[in-house]
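Subject: Structure for you to look over

Hello,

I am handing over the structure below, with notes on what turned up in it. Please read the notes with the coordinates open.

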Amino acid sequence: MFYTVVDGTYVPTTLGNALLILLLAVLLVCAVIFARRYAAAQSQETGETAKKGGKLTAKQLVFCAMSIALGTILSEIKIIDFPWGGSATLLSMLVICLPGYLFGLGAGLMTSIAYGILQLLINPYVLFPMQLMLDYVLAFGALGLSGLFAGAKKGLLKGYLVGILGRWIFTVLSGWIFFAEYAWEGWHPLPYSLVYNGIYIFAEGAITCAVILVPAVSSGLAAVKKMALS
C-alpha cells in the first residue's frame with residue numbers, strides 16, 4: 001500500500017509519498033517546538049526576556065527548513081567523487097548539523113531526521129525495511145547529535161564531529177548487514193564497510209573542519225546563532 005517493489009528496490013507509492021511529506025511536516029513542527037524551548041532557556045540564562053508569538057516561531061521554522069533545503073541542494077554538489085563509490089559533498093552535512101548547534105539537541109534531531117525523510121522522497125534506494133531505518137532515519141538523524149554541544153565552547157566543531165561519527169556508525173552497520181555482497185575482493189564485509197563509508201564521510205569531514213576553523217567562518221556562524229536566538 002505504501003511501497004511497491006521496482007527492480008528489487010522499495011519505491012514509495014503515491015500514498016507512501018503523501019505520508020512521508022506529512023511526517024516531514026510533523027518533524028519540522030517538533031523541531032520548532034524544541035527550538036522555542038531552547039531559545040526560552042537561553043533567554044532565562046542570560047537574563048533576557050523571551051520573545052513570544054509567531055515572530056520567533058517563524059524565524060526558527062525558516063532556519064530549520066532552510067537547512068534541510070540547502071543541505072539537499074549541497075548534497076548534489078560533489079567535490080570529490082571516489083572511483084570505488086561514495087563522494088564528498090559541498091558541506092552538506094555541516095548545514096544539517098546547524099539546527100542542533102543553533103537550537104539544541106531536540107531541534108537538531110528532528111531537523112536531521114526530516115532531512116533523511118526528504119532524501120527518501122527524492123532518491124530512495126531501499127532493499128530492506130530495516131536498511132531504510134539505518135540509512136535514512138538513524139544515519140542522517142545522527143547528524144542532529146550536534147545539538148549535544150550547542151552551548152559548549154567550539155560547540156559547532158565538537159557537535160559536527162559527533163554528528164558525522166554517528167552517521168558513520170549507522171552507515172557501517174547498514175553496509176555490513178545489507179551490502180556485504182559488494183565487499184571488495186578478499187575483504188570481510190565489516191572492515192569493507194568501515195573503510196568504504198569512512199573514506200567519503202571523513203574526507204568531507206576533514207574539509208568541513210578546516211572550513212569551520214577559519215576565524216571568519218566561526219565568528220560568522222556564531223553571529224548567525226545569536227541572530228537565530230535573538
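Val-6 faces Thr-9 of β2. The model is a predicted one, and in it this pair belongs to an antiparallel pairing of β1 (residues 3-6) with β2 (residues 9-12), made over four bridges. Two residues lie between the strands of this hairpin, and Asp-7 adopts a positive phi near 55°.

Next, the core. The largest nonpolar core holds 50 residues, and Phe-103, Leu-143, Leu-156 and Tyr-160 have the most contacts inside it. Two or more residues each come from α1 (14-46), α2 (54-75), α3 (92-103), α4 (105-122), α5 (129-141), α6, α7 and α8 (215-229). In soluble globular proteins, nonpolar side chains tend to be buried together. Leaving aside residues up to four places away in sequence, Tyr-160 is in contact with Met-93, Leu-94, Cys-97, Ser-146, Glu-204, Gly-205, Thr-208, Cys-209 and Ile-212.

On the cysteines: how many disulfides are there? The count is zero. A disulfide needs two cysteine sulfur atoms within 2.5 Å. The closest cysteine sulfur to that of Cys-30 belongs to Cys-64 and lies 11 Å away, so the two are too far apart for a bond. Cys-97 is not in a disulfide either, its nearest cysteine sulfur being that of Cys-209 at 9.9 Å. Cys-30 is partly exposed, at 25% relative accessible area, while Cys-97 is buried at 0%.

Arg-167 deserves a look. This residue is part of helix α6 (residues 155-178). Arg-167 is buried but forms no salt bridge, and Glu-204, the nearest side chain of opposite charge, is 5.5 Å away. A salt bridge would require a side-chain nitrogen of Lys or Arg within 4 Å of a carboxyl oxygen of Asp or Glu. Apart from residues up to four places away in sequence, Arg-167 touches Met-93, Ala-139, Phe-140, Ala-142, Leu-143, Tyr-200 and Ile-201. Leu-143, in this list, is also among the core residues with the most contacts.

Last, Val-211, which sits in helix α7 (residues 189-212). Is Val-211 buried, partly exposed or exposed? Its relative accessibility is 27%, so Val-211 counts as partly exposed. Beyond residues up to four places away in sequence, Val-211 contacts Leu-91 and Val-217. Leu-91 and Val-211 are 120 residues apart along the chain, and 9.1 Å separates their C-alpha atoms.

Regards

Definitions and conventions
Residues numbered from 1 in each chain as written. Predicted model: local features only at pLDDT ≥ 70, side-chain atom pairs only at ≥ 80, totals over all residues. Heavy atoms only, no water. Buried < 20%, exposed > 50% of the residue type's maximum accessible area, 1.4 Å probe, protein only. Contact = heavy atoms within 4.5 Å. Lys, Arg positive; Asp, Glu negative; His and termini not counted. Core = buried A, V, L, I, M, F, W, Y, C linked by side-chain atoms within 4.5 Å. Pairing = 2+ DSSP bridges.
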